[in-house]
Amino acid sequence: MAHAAKIDNGIVRQVIVVDNDKLPDGGEFTPEVETALNTYLNGIGLDGEWKLTSYNSNFRGTYAGQGYSYNPDLDEFVAPVVIIEEV
């Protein structure tokens, strides 16, 4: 299964699973597969920019979660920073 993150203004808005049989090369992480992913998802009405993300964090830094940011310079997902104030 391939995992895809929808990016809107640099923020992950949604993460979905896509059957590998819907993508070339079994959904391997390549620019061609990512292009095919966007063509497929946009073609079934899931508009926007989609990036592959690795459930095992094998590429793009970490598995994308809703609210994470995407840094195009690093080509990585970045977890949100949580600030905890001491009381």
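In this predicted model, the side chains of Arg-60 and Glu-34 come together in a salt bridge, with N and O 2.6 Å apart. Arg-60 sits in the loop between β3 (49-53) and β4 (69-71), whereas Glu-34 belongs to helix α1 (residues 31-43), so the pair ties together parts that are 26 residues apart in sequence. Both partners count as buried: Arg-60 has a relative accessible area of 7%, and Glu-34 has a relative accessibility of 11%.

Asp-75 is partly exposed, with a relative accessible area of 28%, while Arg-60 is buried.

Turning to Glu-49, its side chain forms a salt bridge with Lys-51, and the closest N and O atoms of the two are 3.7 Å apart. That distance falls within the 4 Å cut-off, so the pair is counted as a salt bridge. Glu-49 is partly exposed, at a relative accessible area of 38%, whereas Lys-51, at 15% relative accessibility, counts as buried.

These contacts can also be viewed together. Through salt bridges that share partners, Glu-34, Glu-49, Lys-51, Arg-60 and Asp-75 are joined into one network. The count of salt bridges comes to five, among them the Arg-60 to Glu-34 pair described at the outset.

Notes. Residues are numbered from 1 along each chain as its sequence is written. This is a predicted model: local features need pLDDT of at least 70, side-chain atom pairs count only at pLDDT 80 or more; totals for chains, interfaces and linings use all residues. Side-chain values use heavy atoms; hydrogens and water are left out. Helices (H or I, at least four residues) and strands (E, at least two) are DSSP runs, numbered from the N terminus. Buried means under 20% relative accessible area, exposed over 50%, partly exposed in between (1.4 Å probe, protein chains only).
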